[in-house]
Amino acid sequence: MTNLSKTAPAPAPTSSRPSGSRLLRMLARKGTPTNVFVAVILIAAGIWASSAGPFVSLIGQSCAIFAIAALGQSILVGGAGQIAFSGGAFMALGAFTGGLLARAGVTNFFVIIIASLVVGAVVGLIAGLPGLRFRGLYLLLSSIALQFIVNSLTQNYQNAVDQPGFVLPPLIIGSVDFSSGTPLYLLLVVVLLLVYAGIAAVERTGVGLAWKALRESEVAAAMTGVDVVRWKLYAFAASGAVTGMAGALFAYWVGRADAASYGLDLTISIVTMLYIGGIRSRLGAILGAVIITALPYFLQSQVSSWLNNAGINFSFYLNNQSEIDAALFSLLFLLVVLFEPGGIMSLLGKLESWLRGLGRARSTRKRDDA
Amino acid sequence: MTLALKVRGLDVAYRGVPAVAGYSVDVAPGTLTMVLGRNGAGKTSALRGIVGFLPSETGRSSADIELLGEKIGRSSPLSLSRKGLILIAERNKVFTGMTVSDQLRLVAEDKAERARVLDYFPRLQERLDVRAGLLSGGERQMLATALALLLKPQVLLVDELSLGLAPGIIAELMQYLRRLADDDGMAILAADQAVTESLKVADFVQVMDDGHVVAEGGVADLDVDAVLDMYVGDEKA
Amino acid sequence: MSVISQAVWGALVTGSLYGLVGVGFVLLYRASKVLSFTQGGFMLIGIYLFYGLITAGHVPFLLAALISAVVVAIVSALVYVAVFSRVAAREPFTTSVATLGLAGVITAVIAIIFGTSPVTVPNVAGSAAFSLAGATVTAADLVSVAIMVVVVAAIIVILRTTPLGLRMKAVADNPSLSVHLGVSASRVATAAWAMAGLTAALGGVAFALRESVDPTGVATLGFYAFPAIILGGLDSVPGAIGGGLILGVLQGAASFLFGADWIDLVSFGVMLVFLLVRPTGLFGRAEVQRL
């Protein structure tokens with residue numbers, strides 16, 4: 001079959017399968033082994049989390065929600081090659097859409113979710129209009145401004161109307177209660193998978209190709225007739241929609257929409273997730289979200305018991321846990337952004353290339369010997 | 001006699017795409033070497049490659065370079081400028097937002113020095129308080145030359161001096177380069193497309209095409225017409 | 001009348017603080033095209049160092065302020081040289097994002113060492129207060145404004161008259177040409193980072209003299225500098241002062257008319273409007289590129 005990939009596939013590793021195997025050729029394409037590896041690990045972790053007890057399930061739920069948020073933000077990176085600092089704001093919009101609808105008597109999960117998607121898309125579109133002219137630093141600044149504005153508006157509205165925050169209805173679909181435990185976890189994972197599959201599918205269509213062209217070079221894209229404006233706007237809208245939905249889901253998870261949760265801190269966390277996983281990769285976004293979300297719990301419960309068993313005093317960490325976590329993550333963020341913005345996915349990719357190099361050297365030697 | 005500048009095997013590439021391969025040149029003090037060739041022949045890249053690229057640029061170069069008898073390792077524009085090698089670039093040759101006098105002050109703090117150099121460029125003396133962005137093309141070229149001279153170069157690289165200038169000014173500036181070589185003993189390597197004017201003042205000529213030097217020699221010895229017909233076409237300006 | 005003049009005076013004092021911090025941002029941006037979120041972190045270091053010197057070291061407050069400023073200036077320069085110098089030259093945008101990480105580390109470390117509860121600097125400026133056109137002006141207010149005026153004046157003098165200032169102008173105008181003409185862009189940037197650290201520390205000290213501070217609050221203060229410099233123009237030092245003062249007045253008016261809860265909205269709303277309509281700010285040079 002005709003191989004349409006840009007880079008010619010590396011020779012298949014020595015195995016007993018016939019070398020014409022299509023699957024093998026697909027797997028051997030550069031980068032795929034890394035993606036498959038990470039996907040397998042995520043899936044395995046996901047499956048484990050579904051039956052490892054309520055605490056793990058809770059963490060898993062949180063990971064899934066932030067993975068959706070990170071995916072949402074990464075659409076913008078992938079679609080317009082731009083990094084925006086307004087993730088928290090869009091989550092707030094989705095959450096408050098849910099909260100306000102709930103206040104107006106709506107209890108249907110799907111209605112709330114779809115509303116959050118729509119609100120996110122519309123605001124994303126509006127934010128995208130000036131975003132057409134802005135790149136780089138100016139987009140950074142205008143997205144920060146948006147973040148503060150939305151934060152302020154929601155907080156003020158909340159203070160005026162319902163101080164502790166807008167309660168969301170319990171998450172019940174039909175007659176099944178999804179509001180906690182394994183059912184909630186599975187629901188969130190399904191949504192995550194749908195979002196991921198949706199993005200993957202879109203990236204294979206014309207829209208995805210246009211986004212790729214935009215990422216590489218807007219100028220070149222415009223010159224080859226890519227309607228830069230339209231595709232960029234789609235990217236902003238899609239990003240807003242998915243991130244908004246993540247916000248609604250977060251509000252469901254917490255039980256209420258509280259403006260205080262959606263500040264600049266949240267935005268920075270999401271950006272950290274993107275960079276640590278790998279700014280250019282969808283799987284990286286999920287990976288980053290899982291790491292950032294799960295690590296504090298892991299440090300607190302697992303590592304403390306290990307250290308206790310080893311006789312090391314861990315109370316300093318426990319007393320200052322949130323600050324130490326913040327310091328560690330900020331440091332990690334700093335190092336990643338400066339030295340390896342491709343994040344973990346990029347590091348794994350380099351490992352893969354190195355292994356390939358070894359494999360080629362060995363097969364060349366074999367051929368020489370034969 | 002020590003060569004002022006000796007370049008061997010200069011390779012220049014932008015993001016892996018080669019622009020110059022195996023460029024070499026000897027420039028003696030007090031001589032003027034002109035590098036000729038079409039657009040895209042690699043003249044600018046060769047000159048940029050000699051002084052080195054900044055980390056923020058996409059170009060990368062490697063070569064064996066000896067400046068005033070001293071081997072230069074990894075060349076960087078900053079260190080080379082301090083050692084007496086100055087490039088007057090094709091574009092980007094003046095600070096458009098600063099006044100003429102501010103720029104001159106930037107480069108040379110000594111008032112007497114500035115006055116001495118300004119004597120060569122009476123037109124600039126009338127424009128001291130004008131922002132360089134508002135100067136005419138010829139005036140900008142003069143300012144760029146003045147800035148370079150204030151750094152007291154022993155080797156001067158000049159890129160496309162004549163670009164966008166009227167023939168009269170080109171001749172004037174070319175004559176000026178000649179005088180710098182003759183009177184001040186400067187070693188000058190200049191790339192240009194104004195062939196006729198260049199030949200009037202050069203001691204040596206190199207013709208570049210597609211990143212390589214395809215012909216070179218003393219102006220007196222070279223069958224210049226034949227070479228030019230082949231590689232430059234009828235661009236004899 | 002006195003309520004209004006009090007509000008105006010308050011706006012001017014706050015505005016001058018924003019201006020001072022904003023000047024640091026502008027210096028950094030001009031020298032290296034980096035927008036440094038670390039300024040907030042440096043403000044924190046300055047404040048806590050000042051606080052420590054005054055309370056534990058019993059150092060007279062002006063000297064303490066000076067020491068803080070110098071220490072933070074050195075720290076800032078070292079941070080640039082050790083961490084950001086290589087990357088900043090290649091990719092200013094990525095470096096700007098990275099400064100967020102450093103700011104986070106500094107804020108968290110300070111919170112670990114000093115705790116997160118607010119800290120009140122004792123009334124070291126003296127308790128004198130007098131009346132000016134109906135407004136009560138405290139000694140702390142005066143010291144704050146004086147610090148701002150002195151520091152900014154000094155910086156403007158440096159920029160306009162010294163060789164360093166000329167080099168900073170050149171690097172801001174054309175970094176690659178500067179290097180080709182023998183100006184070390186990295187040395188200029190180091191000086192800019194040092195000056196920015198100094199303004200951040202003094203801005204923090206001036207703020208701490210009048211209000212109690214806590215790590216998160218100071219970090220947010222750092223963010224208020226953004227509307228100020230966008231208003232004024234990212235590449236203009238006098239613009240930062242003007243922008244800061246205007247922002248102070250806007251915030252005062254918003255607080256007066258709508259209540260303190262609306263300050264954020266007004267500040268960042270104005271910033272967004274300017275970004276859309278006049279990205280070069282009121283005083284910036286009109287040829288800012290689309291970054």
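Visitor: Which residue is the bridge partner of Met208(B) in strand 10 of chain B?

Guide: Val213(B) is the bridge partner of Met208(B) there. This is a predicted model, in which local features need pLDDT of at least 70 and side-chain atom pairs count only at pLDDT 80 or more, while totals for chains, interfaces and linings use all residues. Residues are numbered from 1 along each chain as its sequence is written, and chains are lettered from A and ligands numbered from 1 in the order in which they are written.

Visitor: How many bridges pair strand 9 of chain B and strand 10 of chain B?

Guide: The general idea comes before the case. Strands of a sheet pair through backbone hydrogen bonds, in a parallel or an antiparallel sense. Two strands pair if DSSP finds at least two bridges between them; strands are DSSP runs of E with at least two residues, helices are runs of H or I with at least four, and both are numbered from the N terminus. Here, six bridges pair strand 9 of chain B with strand 10 (residues 212–218) of chain B in the antiparallel sense. Two residues lie between the strands of this hairpin, and Asp210(B) has a positive phi near 55 degrees.

Visitor: Over how many bridges does strand 3 of chain B pair with strand 9 of chain B, and in which sense, parallel or antiparallel?

Guide: Strand 3 (residues 32–36) of chain B pairs with strand 9 of chain B over four bridges, in the parallel sense. Val35(B), for example, stands opposite Gln206(B) of strand 9 of chain B. Strand 9 (residues 204–209) of chain B is also mostly covered, with five of its six residues buried. A residue is buried if 20 or more other C-beta atoms, placed from the backbone, lie within 10 Å of its own, exposed if 12 or fewer do, and partly exposed in between.

Visitor: In what order do the four strands of the open sheet in chain B stand?

Guide: The order is 2-1-4-5, with antiparallel pairing. Strand 2 (17–27) and strand 5 (70–72) of chain B each have a single partner strand at the edges, so one side of each has no neighbour in the sheet. On average, neighbouring strands of this sheet are turned by 5 degrees against each other, direction ignored. Strand 4 (residues 59–67) and strand 5 of chain B run antiparallel and are joined by three bridges, and Leu67(B) has Glu70(B) as its bridge partner in strand 5 of chain B.

Visitor: What packs on the sheet?

Guide: Helix 1 (residues 43–51) of chain B does, touching strand 1 (5–14), strand 2 and strand 4 of chain B. Axes are lines fitted to C-alpha atoms, for helices over the stretch in contact, and angles run from 0 to 180 degrees between N-to-C directions. The direction of helix 1 makes about 110 degrees with that of strand 1 of chain B.

Visitor: What pattern does chain C follow along the sequence?

Guide: Chain C reads α-α-α-α-β-β-α-α-α-α-α-α-α, with 11 helices and two strands. The radius of gyration, taken over C-alpha atoms, can be set against the globule rule of 2.2 Å times the number of residues to the power 0.38. For chain C the radius of gyration is 18 Å, close to the 19 Å that the rule gives for 291 residues, so chain C is as compact as a globular protein of that length. Of its 291 residues, 59% count as buried.

Visitor: Where is Gly204(C) found, and is it buried or exposed?

Guide: Gly204(C) belongs to helix 8 (residues 185–210) of chain C and is buried, with 33 other C-beta atoms within 10 Å. Two residues are in contact if their C-beta atoms, placed from the backbone, lie within 7 Å. Leaving out residues up to four places away in sequence, Gly204(C) touches Met43(C), Leu44(C), Gly46(C), Ile47(C) and Val218(C).

Visitor: Of the two pairs of chains in contact, which chains share the most contacts?

Guide: Chains A and C do. In that pair, 31 residues of chain C are in contact with 32 residues of chain A. Helix 4 (92–114), helix 9 (215–232) and helix 11 (263–277) of chain C each give two or more residues to the side of chain C that touches chain A. Helix 4 of chain C has the largest share, 14 residues. This side of chain C divides into 23 nonpolar, five polar and three charged residues. In these classes Ala, Val, Leu, Ile, Met, Phe, Trp, Tyr, Cys and Pro count as nonpolar, Asp, Glu, Lys and Arg as charged, and the others, Gly among them, as polar.

Visitor: How many residues does the contact take from chain C and from chain B?

Guide: That contact takes 17 residues from chain C and 22 residues from chain B. Helix 6 of chain C gives the largest share of the side of chain C that touches chain B, six residues. By class, this side has seven nonpolar, five polar and five charged residues. Chain A and chain B are joined by no contact, and their closest C-alpha atoms lie 14 Å apart.
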